[in-house]
Amino acid sequence: MIGTLALLAQQATEHSFDTPVNVVFYIVAAFMVFAAIRVVTTDNIVHAALWLIMVLAGVGLNFLLLQAEFVAITQVLVYLGAIVVLFLFGIMLTRAPLGRADDLDNNMKPIAAVVGVLLTAVIAFAVIRTFGDDRLTFEAYSGPMAEAGNNRTTALANEIFGPQLIPFEVLSVLLTAALIGAIVLARRD
Amino acid sequence: MLLNQFLLLAAILFSIGVYGVIVRRNGVLVLMSIELILNSVNINLIAFSTYHGLGGQVFALFVIAVAAAEVGVGLAIVLLIYRNRRSVDVDALDELKG
């Protein structure tokens with residue numbers, strides 16, 4: 001059992017530090033995990049929103065490392081630019097305590113910690129067993145990119161407005177419905 | 001780079017988000033934890049899109065748009081709860097408990 005685990009850990013970390021990009025990844029990942037833990041443990045609601053900005057920026061950096069520039073820019077615009085501001089407005093409108101508050105958590109912390117650790121362990125075991133030491137080759141990008149003249153954003157646009165056009169249109173209807181729903185819910189009358 | 005390192009980071013972020021959803025009492029903080037979960041899924045989608053084509057990136061964009069809609073409606077609901085009860089404690093909302 002322990003031997004299997006050691007073998008899996010060795011497989012999973014074998015190629016971990018072989019390129020500078022990997023070092024960047026591990027620095028960003030460590031910071032993201034720390035910031036995410038602060039989001040769910042801090043006593044100050046406004047600080048939670050600010051730590052959330054750090055996590056979202058880290059996710060955007062991960063998208064850049066995975067060569068998805070357009071999604072990374074969208075992440076910065078939509079999440080850091082709009083959603084976090086929405087959260088800050090929500091904090092102010094509900095007159096949450098702007099300083100430290102000690103009633104933000106319920107008494108389920110031990111159970112929740114066990115759930116979180118178990119969930120991580122199960123997913124990590126399954127992921128390492130399934131994908132072992134698969135390298136990222138970015139092979140799937142080459143075909144559509146050659147078609148689009150080596151421009152990744154053009155390739156992505158071809159994908160959205162080609163095969164995925166119907167989901168895209170449905171999504172715009174969903175956004176309109178959500179917007180109207182939010183207005184109906186939040187208006188005073 | 002390995003595929004696994006992104007998947008494991010996403011797994012850790014997902015679990016932290018689940019922890020936050022269970023532990024937090026303030027409605028706005030629960031919504032923030034849900035954002036953590038949605039973002040971890042986005043990392044997975046982009047990582048797999050390097051294997052299976054650009055569909056993963058398209059769906060990550062869709063998830064971002066759906067998350068924006070979800071935050072809008074969710075915050076409106078939290079605001080309505082605050083207006084009716086003068087508090088956003090989601091643990092106090094137990095009228096449906098038998």
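Modeller: Two residues are in contact here if their C-beta atoms, placed from the backbone, lie within 7 Å. Please keep in mind that this is a predicted model.

Colleague: Which residues have the most contacts inside the largest nonpolar core?

Modeller: Those are Ala36(A), Val39(A), Val55(A), Leu13(B), Val28(B), Met32(B) and Ile46(B), in a core of 62 residues. At least two residues of this core come from each of H2, H3, H4 and H7 of chain A, and likewise from each of H1, H2 and helix H3 (55-85) of chain B.

Colleague: Which helix gives the most to this core?

Modeller: H1(B) does, with 13 residues.

Colleague: Let us turn to the two chains. How many residues of chain A are in contact with chain B?

Modeller: There are 78 such residues in chain A, in contact with 61 residues of chain B. H5(A) gives the most to the side of chain A that touches chain B, namely twelve residues. By class, that side of chain A has 57 nonpolar, 14 polar and seven charged residues.

Colleague: Back to chain B, then. At what angle do H1(B) and H2(B) pack?

Modeller: The angle between helix H1 (residues 3-23) of chain B and H2(B) is about 165 degrees, and their axes are 8 Å apart. Angles over 145 degrees count as roughly antiparallel, so H1(B) is roughly antiparallel to H2(B). H1(B) passes H2(B) in a left-handed crossing.

Colleague: Which residues make the contact?

Modeller: From H1(B) they include Leu3(B), Phe6(B), Leu13(B), Gly17(B) and Val21(B), and from H2(B) they include Leu29(B), Ser33(B), Ile34(B), Asn44(B) and Ala47(B). The residues of this contact divide into 17 nonpolar, six polar and no charged.

Colleague: Take Ile34(B) as an example. What does Ile34(B) touch beyond four places in sequence?

Modeller: Ile34(B) touches Gly17(B) and Val21(B). Ile34(B) and Val21(B) are 13 residues apart in sequence, and their C-alpha atoms are 6.9 Å apart in space. Ile34(B) itself lies in helix H2 (residues 27-52) of chain B.

Colleague: Why does Ile34(B) count as partly exposed?

Modeller: Because Ile34(B) has 18 C-beta neighbours inside 10 Å, whereas a buried residue needs 20 or more and an exposed one has 12 or fewer.

Colleague: And in chain A, how do H3(A) and H4(A) pack?

Modeller: H3(A) and H4(A) pack at about 170 degrees with their axes 9 Å apart, and are therefore roughly antiparallel to each other. Among the residues making the contact are Ile45(A), Leu52(A) and Phe63(A) of H3(A), with Glu69(A), Tyr79(A) and Ile91(A) of H4(A). The contact has 19 nonpolar, two polar and one charged residues.

Colleague: What lies in the loop between H3 and H4 of chain A?

Modeller: Gln67(A) lies in that loop. Its phi is near 60 degrees, a positive value in a residue other than glycine. Gln67(A) is partly exposed, with 17 other C-beta atoms within 10 Å.

Colleague: Now Arg86(B), please: where is Arg86(B) placed, and is it buried or exposed?

Modeller: Arg86(B) is in the segment after H3 of chain B. Arg86(B) is exposed, because 9 other C-beta atoms lie within 10 Å. Arg86(B) is not a glycine, although its phi is positive, about 60 degrees.

Conventions:
Residues are numbered from 1 along each chain as its sequence is written. Chains are lettered from A and ligands numbered from 1 in the order in which they are written. This is a predicted model: local features need pLDDT of at least 70, side-chain atom pairs count only at pLDDT 80 or more; totals for chains, interfaces and linings use all residues. Helices (H or I, at least four residues) and strands (E, at least two) are DSSP runs, numbered from the N terminus. Ala, Val, Leu, Ile, Met, Phe, Trp, Tyr, Cys and Pro count as nonpolar, Asp, Glu, Lys and Arg as charged, and the others, Gly among them, as polar. Axes are lines fitted to C-alpha atoms, for helices over the stretch in contact, and angles run from 0 to 180 degrees between N-to-C directions. Angles under 35 degrees count as roughly parallel, over 145 as roughly antiparallel, 65 to 115 as roughly perpendicular and the rest as oblique. A crossing is left-handed if the near helix is turned anticlockwise from the far one by less than a right angle, and right-handed if clockwise. A nonpolar core is a set of buried Ala, Val, Leu, Ile, Met, Phe, Trp, Tyr and Cys residues joined through C-beta atoms within 7 Å.
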